[in-house]
Structures are given as C-alpha cells and as structure tokens.
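Student: Could we go through the charged side-chain pairs of this structure together, with the criteria stated as we go?

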Amino acid sequence: IGTIAIEKSEELSDVLRKEGVDHNVLNAKHHEQEAKIIADAGKPGAVTVATNMAGRGIDIILGGKAPTKKSEIKNWEKEHQKVISAGGLFVLGTERHEARRIDNQLRGRSGRQGDAGESQFFVSMEDDLMRIFGGDKIKKMMEVLRLPEDQPIENKLISRSLESSQKRVEGHNFDIRKHLVEYDDVMNKHRDYIYSKRKEILTKDSLKDEIIDILNDQITKIIELHAVGSINDWNTKEISESIIAIVGKNNLPSDFHKNIKKYQTSEELLEFLKNLVQDMYRKKAKKA
C-alpha cells in the first residue's frame, strides 16, 4: 500500500491496526527492520504500508526472499506458487504523487520480470493534487450526474485530469529548479570575481593605483547623482556627506564646504574632489 508521506503511512497503519489487519510499515523510521520487511513483503497475505521509499530500487520477490538452505527451498517454492496463483503482488496507491515518475516507480514493484501483479490507485477529491489542480471540474460533473460522495468513479476523464494536474506540478517544479540554477550561475560569477580580486590583491606589491581608481569611481558617481543640472540644483549637503563617508569628517580641510560652492560646473567640482581625496590618500599612505 503506497502513501505519499510518513504521516499518511502512520495514519493508515493506525486504521489497519484497529481493523485487526496484520501489516508492516516501511517509511524510513525503522532502519534496522527495513531489510526484513522488504524480504517478507512478497509472502502470501503480507500487507506492507510504505512511502515512496518503496519505489525505485526495491525488489519484492513473490513468496518472500529465496532461502539459502536447500531444505527450505521446497517450502519457498510452494509459497511462491501460492502468491502467483493469487495474482501476484497487488500495489494499491492511496493517493497520486505530484510527479508521475514516483507513481510509476510504485507501480513498477508489481509485475517485475514477467511476474504476475496488478496495481490500482485511489484518489479523493480532497487530495491536495485534486483540490489545487482541477478537482472542481470533476466535482461539478458529480453534482450534475447527482452521484453520491462515496460513489467510486472510474473514467478516462479523471485519469486525464490527474495527468494534466501532475504535468502542471512537474512544470512548476522544473521552473523552480531552473531559477535555482540561474541564481547559482549569478552567485558563481560573483564568486569568480571576488576570488580573482582576492588573488590580485594577494599577489600585487602595491594596490595604490587600484585604490585611487576605486576612489575616483566613487566620486564620479557622487557627482553624477548630486551635481546634475544648474548649480542651483546641486545637492551640496549630500555631496559633503558622501565625501565625509569616504575620508572621515576629521580629515577634511576647514574650508572644504566653502570650496564646494565656488565651482561653477560639475566637471570642475569633480576634478577638485578627485585631487582632494587623492592627496589625502597619499598623505595617509606615507604615514603608514
């Protein structure tokens, strides 16, 4: 019996226990028992409640795991034949997964390598997949046909609706993975740039030219942002505060604010600020 989550498997296990149905639970919570549960899952009358961990890679042998002792082989062959006569392994899905691949993996546990087997899935209108993607259409159809809520429906329309819903979920999940890869590419570019700059800093004897270039770039951006248009439109307060943020308030000359206002063009102001900051940097570099 396939379920989509550990919580669902435990909930179903409680129901089966109350009904007196002997069964095992395979949901990755009982690691030490998993091998034995899988080995016994193919025995006659065995009931195993499992999550999607019982999908790909799990081989359930009809009649249970073949014994290694010769004395036990005849008894196992009888059990094996008994299961085949009963129709083989029956896979019952209590709900459809978001991905068709997982459903197909669960189906693939039965009828393996020519063995007898059968699979059937049950879907409720309250299942997340149906509730979010397309359950309303089928509900309306049931209302029109006046079908009772507990009336089972087997129709190609439902199968198509389910597959359409699963395709939409798969497409959505694909987009998420695609965007994640795109974000990762951006992070890689940032990482490559940072590591290349780090290597450059570690291997160079002097970073004087690079630091001056960075200071010039910052000052150019300040002027482009706050010294636009006529001199009356300049935001000298923001220019002053931005320069203070770079060099520190105590390092500026006392006539700095006066000098800013005496320039008539942004080009002149830019040249003044570049020279001022470069001189301050050179003086500080000499002291160091």
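Tutor: Buried means under 20% relative accessible area, exposed over 50%, and partly exposed in between, computed with a 1.4 Å probe on protein chains only. This is a predicted model, in which local features need pLDDT of at least 70 and side-chain atom pairs count only at pLDDT 80 or more, while totals for chains, interfaces and linings use all residues. Residues are numbered from 1 along each chain as its sequence is written, and side-chain values use heavy atoms, with hydrogens and water left out.

Student: How many salt bridges does a search of the whole structure find?

Tutor: Side chains of opposite charge can pair when their charged atoms come close. The criterion here is a side-chain nitrogen of Lys or Arg within 4 Å of a carboxyl oxygen of Asp or Glu. With that criterion, the number of salt bridges found in the whole structure is 10.

Student: Which side chain meets Glu95 in a salt bridge, and how many residues apart in sequence are the parts that the pair ties together?

Tutor: The partner of Glu95 is Lys8, with an N to O distance of 3.2 Å. Helices (H or I, at least four residues) and strands (E, at least two) are DSSP runs numbered from the N terminus. Because Glu95 lies in the loop between strand S3 (89-93) and helix H4 (100-107), whereas Lys8 belongs to helix H1 (residues 6-18), the pair ties together parts whose separation in sequence is 87 residues.

Student: Is Glu95 buried or exposed, and what is the class of Lys8?

Tutor: Glu95 has a relative accessibility of 7%, and therefore counts as buried. Lys8, at 34% relative accessibility, counts as partly exposed.

Student: Which helices hold Glu170 and Arg100?

Tutor: The side chains of Glu170 and Arg100 meet in a salt bridge at 2.7 Å, N to O. The pair ties together parts 70 residues apart in sequence, because Glu170 lies in helix H7 (residues 156-203) and Arg100 in helix H4. Glu170 is partly exposed at 21% relative accessibility, and Arg100 is likewise partly exposed at 28%. The helices asked for are, for Glu170 and Arg100 respectively, H7 and H4.

Student: Which helix contains both Arg282 and Asp279?

Tutor: Arg282 forms a salt bridge with Asp279, with their closest N and O atoms 3.8 Å apart. The two residues are 3 apart, about one turn of the helix, and both lie in helix H11 (residues 266-287).
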